[in-house]
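Take a walk through this structure, one element at a time. Keep the sequence beside the 3D view as you read.

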Amino acid sequence: MEVNEALLAKIDGFIQELQEMGLPDVVFAAASPEGGIAVKYDGEPRAILYLVRTLDLNIMLDSMQQMAMEVSTLGRENNS
């Protein structure tokens with residue numbers, strides 16, 4: 001997979017803008033359809049860890065709600 005330097009520069013610029021606007025702790029993650037991922041973070045390590053763990057919990061809770069909605073809409077499978 002080829003690294004897109006222009007894209008990385010845009011991400012760095014965006015993070016810098018956020019920090020200039022008063023957001024010192026930033027986490028950025030993206031994925032491509034080909035399976036590539038990009039993760040960039042900047043700030044105080046404890047704050048970054050808190051952001052990542054909070055994001056992890058939010059994604060987990062959202063996915064659980066989505067699964068519950070699918071079960072309520074489609075019904076529960078009979079696995080007996």
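The side chains of Lys 40 and Asp 12 meet in a salt bridge, with 3.2 Å from N to O. A salt bridge here is a side-chain nitrogen of Lys or Arg within 4 Å of a carboxyl oxygen of Asp or Glu. The pair links distant parts of the chain: Lys 40 lies in strand S2, Asp 12 in helix H1, and the two are 28 residues apart. Lys 40 is partly exposed, at 33% relative accessibility. Asp 12 is partly exposed as well, with a relative accessible area of 38%. The cut-offs are these: buried is under 20% relative accessible area, exposed is over 50%, and partly exposed is in between, using a 1.4 Å probe and protein chains only.

This is a predicted model, in which local features need pLDDT of at least 70, side-chain atom pairs count only at pLDDT 80 or more, and totals for chains, interfaces and linings use all residues. Residues are numbered from 1 along each chain as its sequence is written, and side-chain values use heavy atoms, leaving out hydrogens and water.

How many salt bridges does the structure hold? The count is two. Glu 44 and Arg 46 form one of them through their side chains, again described by an N to O distance, here 3.2 Å. Glu 44 is partly exposed, at 33% relative accessibility. Arg 46 is exposed, with a relative accessible area of 66%.

Now step back to the whole chain. Its secondary structure comes to two helices and two strands. Along the sequence they follow the pattern α-β-β-α. Helices (H or I, at least four residues) and strands (E, at least two) are DSSP runs, numbered from the N terminus.

Start with helix H1, residues 5–20. H1 has 16 residues and reaches 22 Å from its first C-alpha to its last. That is close to the 22 Å expected at 1.5 Å a residue. The expected span is 1.5 Å times one less than the number of residues.

Which residues of H1 are buried? They are Ile 11, Ile 15 and Leu 18. These residues cover an arc of only 60° around the axis, so they sit on the same side of H1. The arc is taken from the directions from the helix axis to the C-beta atoms. Their cover includes S1 and S2. The face of H1 turned away from the buried side carries exposed residues: Glu 5, Ala 6, Lys 10 and Glu 20. Just after H1, Gly 22 takes a positive phi of about 105°.

Next come the strands. S1 (residues 26–31) and S2 run antiparallel, joined by six bridges. Two strands pair if DSSP finds at least two bridges between them. Ala 29 has Val 39 in S2 as its bridge partner. Val 27 is partnered by Tyr 41 in S2. S1 and S2 form a hairpin with five residues between them. In the turn, Gly 35 has a positive phi of about 100°.

Is S2 covered or uncovered? Strand S2, residues 37–42, is hardly covered. The count of buried residues among its six residues is zero.

Finally, some totals. Buried residues make up 8% of the 80 residues in the chain. The accessible surface comes to about 7,100 Å², and 60% of it belongs to carbon and sulfur atoms. Accessible areas come from the Shrake-Rupley method with a 1.4 Å probe. Among contacts between residues at least 6 apart in sequence, 26% join residues at least 24 apart. Contact means heavy atoms within 4.5 Å.
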